[in-house]
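Let's take a walk through this protein together, from its sheet to its core and its charged pairs. Please have the sequence and the structure open as you read.

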Amino acid sequence: MHVVAIHIAPGRKVPTRSVPEVEAEAGKGLLGDRYHGAKHRHVTIQSLELLKRAAADLGHAIDPGDTRRNLTVDTGDIPTKPGDRLRIGDVELEVVRIAAPCRLLDDWIAPGAAAAMHRRGGTVFRVLTSGPIRVGDDVHVPTGD
């Protein structure tokens with residue numbers, strides 16, 4: 001699994017912008033993102049594989065930035081159980097909860113986009129360790145014992 005896109009937005013209802021890398025700050029989130037400094041919602045991660053399935057159901061292309069998720073990975077299962085962890089480079093992330101699709105999707109993508117993203121909206125994580133996250137970075141999901 002690899003990071004294929006990074007998006008941040010400085011504020012609510014402000015379109016996201018694509019960046020090649022972002023700095024993750026432990027206990028705070030991603031520098032430059034609207035949720036930096038939030039208590040628990042630091043980073044959101046979605047799967048491009050699931051996004052393509054949602055687009056097929058919708059009958060309309062969905063750009064990863066339009067979903068308002070911070071990180072998009074190419075494929076694989078993103079952990080969803082609170083407390084589970086993953087690592088991207090030196091950055092360790094911990095699952096907070098499943099991410100619900102943004103209410104703005106129907107306005108920004110197409111009517112029905114939020115419904116197509118149901119159960120495909122990704123996962124919310126908190127940042128446990130600081131460091132850079134770059135497009136192309138490997139995503140390591142620990143396996144069970």
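Which residue in β9 does V43 stand opposite? V43 stands opposite F125. Please keep in mind that this is a predicted model.

## Overall layout

The secondary structure comes to 3 helices and 11 strands. The protein has 145 residues, and 45% of them count as buried.

Among contacts between residues at least 6 apart in sequence, 73% join residues at least 24 apart.

## The sheet

An open sheet is formed by 8 strands, with mixed pairing, in the order β2-β1-β6-β5-β9-β8-β7-β11. At its edges stand β2 (17–18) and β11 (139–140); each has a single partner strand, so one side of each is left without a neighbour in the sheet.

Now look inside the sheet at β9, which is mostly covered, with 4 of its 5 residues buried. β9 runs antiparallel to β5, joined by 3 bridges, and pairs with β8 over 5 bridges, again in the antiparallel sense. F125 is a handy landmark in β9: V43 stands opposite F125, and V95 stands opposite F125 as well.

Elsewhere in the sheet, β1 and β6 run antiparallel and are joined by 3 bridges. I6 has L71 as its bridge partner in β6. Helix α1 (residues 48–58) lies across β1, β5 and β6, and runs at about 65° to β5.

In soluble globular proteins, nonpolar side chains tend to be buried together. The largest nonpolar core here has 21 residues, and the members that touch the most others are V43, I45, I88, L93, F125 and I133. Two or more residues come from each of β1 (3–8), β3 (21–25), β5 (43–47), β6 (71–73), β7 (85–88), β8 (91–98) and β9 (123–127). There is also a second, separate core of 5 residues, with L51, A54, A55 and L58 among them.

Setting aside neighbours within four places in sequence, I133 is in contact with V3, I6, P20, E21, V22, A24, L30, L71, I88 and V91.

## Charged pairs

Side chains of opposite charge can pair when their charged atoms come close. Over the whole structure, a search finds 6 salt bridges. One of them links R134 and E21, with the closest N and O atoms 3.6 Å apart. Because R134 lies in strand β10 (residues 131–134) and E21 in strand β3, the pair ties together parts that are 113 residues apart in sequence. R134 is partly exposed, with a relative accessible area of 38%, and E21 is also partly exposed, at 43%.

E92 deserves a look of its own. Is E92 buried or exposed? With a relative accessible area of 18%, E92 falls under the 20% cut-off and so counts as buried. The side chain of E92 meets that of R85 in a salt bridge (3.4 Å, N to O), and R85 is partly exposed at 37%. E92 forms another salt bridge with R87, where the closest N and O atoms are 3.2 Å apart; R87 counts as partly exposed at 32% relative accessibility. Through shared partners, salt bridges join R85, R87, E92, E94 and R126 into one network.

Finally, turn to H40, in the loop between β4 (29–30) and β5. At 33% relative accessibility, H40 counts as partly exposed. H40 and G29 are 11 residues apart in sequence, and their C-alpha atoms are 8.6 Å apart in space.

Which residues does H40 contact, leaving aside neighbours within four places in sequence? They are V96, V124, F125 and R126. With R126 there is also a polar contact between the two side chains, at 2.7 Å.

How values were computed
Residues numbered from 1 in each chain as written. Predicted model: local features only at pLDDT ≥ 70, side-chain atom pairs only at ≥ 80, totals over all residues. Heavy atoms only, no water. Core = buried A, V, L, I, M, F, W, Y, C linked by side-chain atoms within 4.5 Å. Buried < 20%, exposed > 50% of the residue type's maximum accessible area, 1.4 Å probe, protein only. Contact = heavy atoms within 4.5 Å. Polar contact = N/O pair within 3.5 Å; in protein donor to acceptor, adjacent residues only side chain to side chain. Salt bridge = Lys/Arg side-chain N within 4 Å of Asp/Glu carboxyl O. Pairing = 2+ DSSP bridges. Axes fitted to C-alpha atoms, helices over the stretch in contact; angles between N-to-C directions.
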